Amino acid sequence: MTSPKANPLAHIDWDYIEFYVGNAKQAAHYYCSAFGFDQVAYAGPETGVKDRASYVLVQNKLRFVLTSSLRAGDEITRHVAAHGDGVKDIAIVVRDVKAAFDAAIAGGAKSVLAPTEYRDAGGRVIKATIASYGDTVHSFIQRDGYTGAFLPGFVEQRKSIAGTQKPGLQFIDHCVGNVGWGEMDTWGDFYARVFGFSQLISFDDKDISTEYTALKSKVMTDAEHRVKFPINEPAEGKKKSQIEEYLDFYDGAGVQHIAIRTDDIISTIRALKANGVEFLDTPDSYYDDLEARVGHIDEATQVLRDLRILVDRDDQGYMLQIFTKPLQDRPTVFFEIIQRKGSLSFGKGNFKALFVSIEKEQEKRGTL
Ligand code: FE2
């Protein structure tokens, strides 16, 4: 056992999430106008990056990068052709990239980029990248007090959209991967070996199944519960698991959803709805016996019913959550908005209500 002090992946946090998309310029506008992000930086031909355009969006501690290729046949173009718009890089900030990378490789990770130093007027950043499930990667980022716009190669370029409601999204709570049949344990072990993560919780198909669909899930976390990676795999049901539908449309394993924390989910969801964000619906009956199921909550049931916000409780407290519809045409990646009031849970009690709702959407697409 390595002590927390010796572990190069102790005290880690999210740095950014990079999406590869078909048209980053338009996607940036969507995430800013619908989700209230501000654009802060840009890289592209005008900044000396010839083959791609990248837009950096921030909101409180959230940082997303949207990248499109400017060329036929390169890695980004192939990624988008295979997967549609999706998450490429879940980047983690670490104190020592070389130590983190060496530990990851020793744990069996495959190198995508060995530790590399990038410099500009803002100072230096060291970056290394390892492969994870599917075509998803993790970059380790060491900033050493870097003061530039985002990373060397990027310039400050600020843009906000007037009239957009600010929903108060705060930071990433967890980021979920869907992997193939029987691969959940393999990837759970990967995060144990490569990141030194431990298992927080697991669900099997008895917990997470409806009449038709089933999945298994395991949550891997760092010691401080800041970076949490739930891993889902499909399980046998009467009809196609929603995880299998994802794997078909994404053409393999990838990020299923990013859960984003808020301090006030009611005002957040009101703002997002005013901006035009679409959420999964929940059967009205879910709210009929809500307090009987989850006990006393501070929020008025009628308000939660109007907004279709879900509630779950564990022995530590309760949490409120809601899921967006897919963020692109393929039924693949989506957001969860979550407010925790003590609870560490991932909404096990809501899986069933949620699945019934997802199945209704699957039925509309003819893929159930
Ligand atoms: Fe989640």
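How many helices and strands does the secondary structure of the protein chain come to? The count is 9 helices and 17 strands; helices (H or I, at least four residues) and strands (E, at least two) are DSSP runs, numbered from the N terminus. This is a predicted model: local features need pLDDT of at least 70, side-chain atom pairs count only at pLDDT 80 or more, and totals for chains, interfaces and linings use all residues. Residues are numbered from 1 along each chain as its sequence is written, and side-chain values use heavy atoms, with hydrogens and water left out.

**Overall build**
- Of the 368 residues, 55% count as buried. Buried means under 20% relative accessible area, exposed over 50%, and partly exposed in between (1.4 Å probe, protein chains only).

**Strand E4 and its partners**
- Strand E1 (residues 13-20) runs parallel to E4, joined by 4 bridges. Two strands pair if DSSP finds at least two bridges between them.
- Phe 19 stands opposite Leu 66 in E4.
- Strand E3 (residues 52-59) runs antiparallel to E4, with 8 bridges. Here Val 56 stands opposite Val 65.
- E3 and E4 form a hairpin with 2 residues between them. Asn 60 in the turn has a positive phi of about 45°.

**The nonpolar core**
- A nonpolar core is a set of buried Ala, Val, Leu, Ile, Met, Phe, Trp, Tyr and Cys residues joined through side-chain atoms within 4.5 Å.
- The largest one has 81 residues. Those with the most contacts inside it include Phe 19, Tyr 31 and Ile 258.
- Helix H1 (residues 24-35) gives the most to this core, with 7 residues.
- Domain 1 (13-159) and domain 2 (169-365) both give residues to this core, so it lies between them. The domain bounds come from an automatic or database domain assignment.

**The iron site**
- The protein donors of the iron ion are His 174 (NE2), His 257 (NE2) and Glu 336 (OE), lying 2.0 to 2.2 Å from it. Donors are N, O and S atoms within 2.8 Å of the metal (3.2 Å for Na, K and Ca); water is not among the atoms, so sites may look incomplete.
- His 174 lies in strand E10 (residues 171-178) and His 257 in strand E14 (residues 254-261), 83 residues apart.
- Both His 174 and His 257 are buried.
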